[in-house]
Amino acid sequence: RTAPMDLHAPCNELSSVGKVIAVVSGKGGVGKSTVTCSLAAAMARLGKKTAVLDADITGPSVPTAFGIHEHAVGSELGIYPAVSKGGVALMSLNLLTENETDPVIWRGPVIAGTVKQFWTDVIWGDVDYMFVDMPPGTGDVPLTVFQSLPVDGVIVVTSPQDLVSMIVTKAVKMAEMMNIPILGLVENYSYFKCPDCGGEHALFGESKADRVAAELGLKVLARLPIDPALAAACDEGRVEEYQPNPMAGVAEALVAGRV
Ligand code: ADP
């Protein structure tokens, strides 16, 4: 087992953060950011003070989903997060780079240092739930980020193909080795709901989420269909307006303590 080093620093003295929930995936492109942003939007709608820390430094997509394109503002006390229309506090490298399209060509320790600063130097204020959009995979960068933040629980996002390739098992085992409780799995791209016939089509075959979750001793928290309208809402900065929010049930379950 890896012995997790305790590298956590306290958050900014003007912040008080309740639960920190990391959203992870075995690889990129499975919908981790979509799930994180939808969940945060749903949580804010429940009246909870909500924040998103975008730790996916090389592929930051959180500000876009919330329609935020301005720069973050700093003071001698720290950096202020951007705040979305729905009241979600956000910090992402995209709020700090000169151009949104500038690539970040940094090595792992620098990335992890930046994420740590998002925790220590951002004036988050009072937050009930902070969702962390983690860097994908089980390599050096997600590992160091895990060690830099006091994560209370992990939600694992998978595609149907990941469930076959065992890449999810690796992500789950990584969280277990770091002694972080896993709240459950979210299967994205689970099925396609035909707009013409209304039928639900399992494009990738019957869902394996239940079987794999049972093998790993985990709950399936949600199954999201392939939904071009959801993708468009995120691309156009309307994740908060998109209804029905596919993560609403998970937000309710978190607040009710059922997850
Ligand atoms: P990740 O954070 O895992 O890299 P993203 O959330 O950025 O993945 O999603 C990758 C792409 O797939 C994005 O263009 C996103 O809009 C799209 N996408 C994610 N989930 C869905 C879905 N359920 N239906 C349709 N498109 C989706």
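Predicted model: local features only at pLDDT ≥ 70, side-chain atom pairs only at ≥ 80, totals over all residues.
Figure 1. The ligand is surrounded by 20 residues. Gly-31, Lys-32, Ser-33, Thr-34 and Ala-231 are the closest. Two helices, H1 (32–45) and H8 (228–235), each supply at least two residues of this shell. H8 gives the most, with 4 residues. Sorted by class, the shell has 9 nonpolar, 9 polar and 2 charged residues.

**Figure 2. Lys-32, one of the closest residues to the ligand.** Lys-32 sits in helix H1. Lys-32 is buried, because 27 other C-beta atoms lie within 10 Å; the cut-off for buried is 20 or more. Beyond residues up to four places away in sequence, Lys-32 touches Val-23, Ser-25, Asp-133, Pro-136 and Val-157. Pro-10 is 22 residues from Lys-32 in sequence, and their C-alpha atoms are 26 Å apart.

**Figure 3. The open sheet of 8 strands.** The strand order is E5-E6-E2-E7-E1-E8-E9-E12, and the pairing is mixed. Strands E5 (82–83) and E12 (220–223) are the edges; each pairs on one side only. Strands of a sheet pair through backbone hydrogen bonds, either parallel or antiparallel. Strand E8 (residues 153–158) and strand E9 (residues 182–187) pair in the parallel sense, over 5 bridges. Within this pair, Val-154 stands opposite Ile-182 of E9.

**Figure 4. The largest nonpolar core, with 78 residues.** Val-132 and Val-156 touch the most other members of this core. H1 provides the largest share, 8 residues. Leaving aside neighbours within four places in sequence, Val-156 contacts Val-24, Ser-25, Val-168, Ala-171, Val-172, Ile-182 and Leu-185.

Figure 5. The buried residues of H4 are Val-141, Pro-142, Val-145, Phe-146 and Ser-148. An α-helix has 3.6 residues a turn, so residues three or four places apart point the same way. The buried residues of H4 pack against strand E1 (16–25) and helix H3 (108–120).

Figure 6. Leu-203 lies in the loop between strand E11 (200–201) and helix H7 (209–216). Residues up to four places away in sequence aside, Leu-203 touches Tyr-191 and Phe-192. Phe-192 is 11 residues away along the chain, and the C-alpha atoms of Leu-203 and Phe-192 are separated by 6.8 Å.

**Figure 7. Positive phi at Met-166 and Tyr-189.** Neither residue is a glycine. Phi of Met-166 is near 75°. Met-166 lies in the loop between helix H5 (160–165) and helix H6 (167–177). Met-166 counts as partly exposed because it has 13 C-beta neighbours inside 10 Å. Tyr-189 has a phi of about 55°. Tyr-189 is found in the loop between E9 and strand E10 (192–193). Tyr-189 counts as buried because it has 20 C-beta neighbours inside 10 Å.

**Figure 8. The cis peptide bond from Gln-243 to Pro-244.** Omega of this bond is near -5°. Pro-244 lies in the loop between H8 and helix H9 (248–255). H8 also contributes to the shell around the ligand.

Note on methods:
Residues numbered from 1 in each chain as written. Near = placed C-beta within 6 Å. Nonpolar A, V, L, I, M, F, W, Y, C, P; charged D, E, K, R; others polar. Contact = placed C-beta atoms within 7 Å. Core = buried A, V, L, I, M, F, W, Y, C linked by C-beta atoms within 7 Å. Buried ≥ 20, exposed ≤ 12 C-beta atoms within 10 Å, placed from the backbone. Pairing = 2+ DSSP bridges.
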